Amino acid sequence: MRALRTLVPLLGALLLNTAGAAEGWQVEAGAGVEHADNDSSDWQQFDLALRSRFAPRSVAELTTRHTRRHGYDDQEIGAGLALPLGGDWSLAASATASPSHRVLARASGRVDLARAFEGGWVLSAGVGRSLFDGVGTGKSGSSSWRLSGERYVGDWRLMAGLVRTRLDGGQTDGGGLLQVDRYVGERGRVGVFYARGRELENVPELAGVVSTRVDTYGLLTIWPLSTDWALVGSIGRSRNSDRVLRTGPGAGGAAGADYRRDGIRLGVQHDF
């Protein structure tokens, strides 16, 4: 699901579960599907990630993703790095690129900075940028700013954040994130989340880039199966509304009726 990629950035891997984790490698493979209630075809996704915990509180990541949306296949590659900046500060940066970019963003990037405080508090700020240039469409993009606060209490993590997104052309919109996680043992986690904001996507049948307000809620989990293996899963529902065509013929007009999208992703992690 699109929202999950912003809910769990690489910075989360640094702050949540790697502080006491042993150095080593991890590979994760997953597959997902999303079904819409407007009779459009299902979205499909296959993804693979390779991560290295090469030093305390330090993570490097390489990712690849194959998607099928609106009848078009896209590929995406990505990289990320998270590092400590002294005892209390942490920095994470990530970027993606899609060679085909028929539906996915041509390129995207984000940087997050976090500061830990006494009492289990963590405050973070981040900026991001996405660029779209689909086949047969005009060009568009978006910039985002995010502020969030986290509180760790025993086995619980509570997070709330504010997001501001500015679409190229001057439109600015607000959104937010809420998430509650419960840790199980040293590696397990179960969480619920709600996210609201505006997103861009290429829609080839409309020959343009569409801006959509998306409200998403769902459940995610990392469940250990053994000392080396874990099951990763997420399930969620998104309501897509206020769809506006940003580029292409009829730009500025409505881009279709509201609809709902339900999604699920299952994957496995292996540490070695």
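Tutor: A pocket here is an open set of points on a 1 Å grid over the protein atoms alone, where a 1.4 Å probe fits and protein lies on both sides within 12 Å along at least five of seven lines; lining residues have an atom within 4 Å of a point. Its volume is the space filled by probe spheres set on the points, which are joined across faces, edges and corners. This is a predicted model, so local features need pLDDT of at least 70 and side-chain atom pairs pLDDT 80 or more, while totals for chains, interfaces and linings use all residues. Numbering runs from 1 along each chain as its sequence is written, and side-chain values use heavy atoms, without hydrogens or water.

Let's take the second largest pocket, at about 160 Å³. Thirteen residues line that pocket, and N38, S40, H70, E205 and R243 are the ones nearest its centre. Two elements each give two or more residues to the lining: β11 (188–203) and β14 (259–271). (Strands are DSSP runs of E, at least two residues; helices are runs of H or I, at least four; both are numbered from the N terminus.) By type, the lining splits into five nonpolar, four polar and four charged residues. Nonpolar covers Ala, Val, Leu, Ile, Met, Phe, Trp, Tyr, Cys and Pro, charged covers Asp, Glu, Lys and Arg, and the others, Gly among them, are polar.

H70 sits in the loop between β3 and β4 (72–85), and H70 is buried at 18% relative accessible area (buried is under 20%, exposed over 50%, partly exposed in between, with a 1.4 Å probe and protein chains only). Its phi is positive, about 55°, although H70 is not a glycine. Most residues other than glycine have a negative phi. R57 has a positive phi too, near 60°; R57 is in the loop between β2 (43–55) and β3 (58–69) and is partly exposed at 23%.

Back to β11: its range, 188–203, takes in L200, and L200 belongs to the largest nonpolar core along with A105, F132, L167 and V209. Such a core is a set of buried Ala, Val, Leu, Ile, Met, Phe, Trp, Tyr and Cys residues joined through side-chain atoms within 4.5 Å. Beyond four places in sequence, the contacts of L200 (heavy atoms within 4.5 Å) include F132, L167, V209, S142 and R246. S142 lies in strand β8 (139–153) and is buried at 12%; its partners include G128, S130, T165, L167 and L200.

G126, in β7 (121–133), is buried at 5% and touches V111, D112, S144, W145 and R146, leaving aside neighbours within four places. The C-alpha atoms of G126 and V111 are 5.4 Å apart, across 15 residues of chain. L177, in β10 (172–184), is buried at 6%, with its C-alpha 4.9 Å from that of G161, 16 residues away along the chain.

Zooming out, the chain has two helices and 14 strands, and 45% of its 272 residues are buried. Of the contacts with a separation of 6 or more, 53% join residues 24 or more positions apart.
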